[in-house]
Amino acid sequence: MTAGGAVAALVLAGRRKGGPDPMAAAAGGSHKALLPVAGVPMLLRVVAALRASPAVGRVVVCVESPGETLSGLRGLEGVETRAAAASPAASVAAALAEPGGAPLLVTTADHALLTPEMVGHFLRSAPPGAAAVAALARSETVLAAYPGTRRTWLRFRDGAFSGCNLFLLADADAAGRAVAFWRRVEGSRKRPLAMARALGPLLVLRFALGRLTLRAALDALGRRCGARLAAVEMPFADAAVDVDKPDDLALAEAALRRRGEG
């Protein structure tokens, strides 16, 4: 644990690899993380939510050329910065390898609707003994709040889930193995056969046929990477909203107006 029993938080704010992010380009900016959401750069919204979370200590922002990219941005006083690595997984691996790198809470700068309540629920609910934990929201939870939203669903036999861009890496060694496995899969994302080999063809087939439960998937992936994996089901629809496209921006701004924050 970090000082006072709090976890460190890493915010991934780097550019998309392979060209400019369409959202950033449309706004005339260099990084999507700086895109205003209801008038406030979404990176600042994420940092504010983390700072207001009693369980979070240090907050670190990971972005390319942080001194230049974040120059003049008010609201980051006291926040540490790191230069982004070649990929999100590589940036996480670098942070985890630092002295006192775990436990580490990881999120993304486009998580504009993040709240201290979400962070607290996730950290309190993380199963003891799990090396790496991911936050997920059931489709029923998300669609009850946003019936028309389009999300990427992970479809298991026991339900469909959306990722919530919240991860806890609780143990440096075991979580490091999980991140190393993530880097392998990340590097194969444009090569389906290589990805299938990394994940295991049987696992991919069972998932494609809808025969895999979430727990079975976590156990199988855990055996592949040598770490105990777990998931926390989030009761917050907003936890599944990230700002990837114009529709997401409109949805996030409408949600903030309902909260009285827009």
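Ser65 lies in the loop between strand S4 (56-63) and helix H3 (66-69). Helices (H or I, at least four residues) and strands (E, at least two) are DSSP runs, numbered from the N terminus. This is a predicted model: local features need pLDDT of at least 70, side-chain atom pairs count only at pLDDT 80 or more, and totals for chains, interfaces and linings use all residues. Residues are numbered from 1 along each chain as its sequence is written, and side-chain values use heavy atoms, with hydrogens and water left out.

**Confidence**

- The protein averages a pLDDT of 88. This score is the predictor's confidence in each residue, from 0 to 100.
- A score of at least 70 is reached by 91% of the residues.
- Confidence is lowest in helix H8 (residues 192-199), with a mean of 56.
- Confidence is highest in strand S6 (residues 104-108), at 98.

**Overall build**

- The protein has 11 helices and 10 strands.
- Its C-alpha trace spans about 50 × 45 × 35 Å along the principal axes.
- The radius of gyration is 18 Å, which agrees with the value near 18 Å for a compact globule of 262 residues. This radius is taken over C-alpha atoms, and the globule rule is 2.2 Å times the number of residues to the power 0.38.
- Of the 262 residues, 50% count as buried. Buried means under 20% relative accessible area, exposed over 50%, and partly exposed in between (1.4 Å probe, protein chains only).
- The protein exposes about 12,500 Å², and carbon and sulfur atoms supply 57% of that area. Accessible areas come from the Shrake-Rupley method with a 1.4 Å probe; for residues, only the protein chains shown count as cover.
- Take the contacts between residues at least 6 apart in sequence: 72% of them join residues at least 24 apart. Contact means heavy atoms within 4.5 Å.

**Helix H11**

- Helix H11 (residues 246-259) has 14 residues. From its first C-alpha to its last it reaches 20 Å, close to the 20 Å expected at 1.5 Å a residue. The expected span is 1.5 Å times one less than the number of residues.
- The buried residues of H11 are Asp248, Leu249, Leu251, Ala252, Ala255 and Leu256. They sit on the same side of H11 because they cover an arc of only 165 degrees around the axis. The arc is that of the directions from the helix axis to the C-beta atoms.
- These buried residues of H11 pack against helix H1 (22-26), strand S2 (36-37) and helix H2 (42-51).
- The face turned away from the buried side carries the exposed residues Pro246, Arg257 and Arg258.
- Ala250 also lies in H11. At 44% relative accessibility, Ala250 counts as partly exposed.
- Ala250 and Leu105 are 145 residues apart in sequence. In space they are 27 Å apart, C-alpha to C-alpha.
- Just after H11, Gly260 takes a positive phi of about 80 degrees.

- Val106 has its place in strand S6. With a relative accessible area of 4%, Val106 is buried.
- Leaving out residues up to four places away in sequence, Val106 touches Leu10, Leu12, Val92, Asn165, Leu166, Phe167 and Leu169.
- Val106 and Val11 are 95 residues apart in sequence, and 6.1 Å apart in space, C-alpha to C-alpha.
- Pro103 is found in the loop between helix H4 (88-96) and S6.
- Thr115 is found in the loop between S6 and helix H5 (116-125). Its relative accessibility is 12%, so Thr115 counts as buried.
- Thr115 is in contact with Ala49 and Arg259, leaving aside its neighbours within four places in sequence.

- Most residues other than glycine have a negative phi, and most peptide bonds are trans.
- Ser65 has a positive phi of about 40 degrees, although it is not a glycine. Ser65 is partly exposed, with a relative accessible area of 43%.
- Ala38 is not a glycine either, yet its phi is positive, at about 55 degrees. Ala38 has its place in the loop between S2 and strand S3 (40-41). Its relative accessible area of 25% makes Ala38 partly exposed.
- The peptide bond from Ala102 to Pro103 is cis, with omega near 0 degrees.
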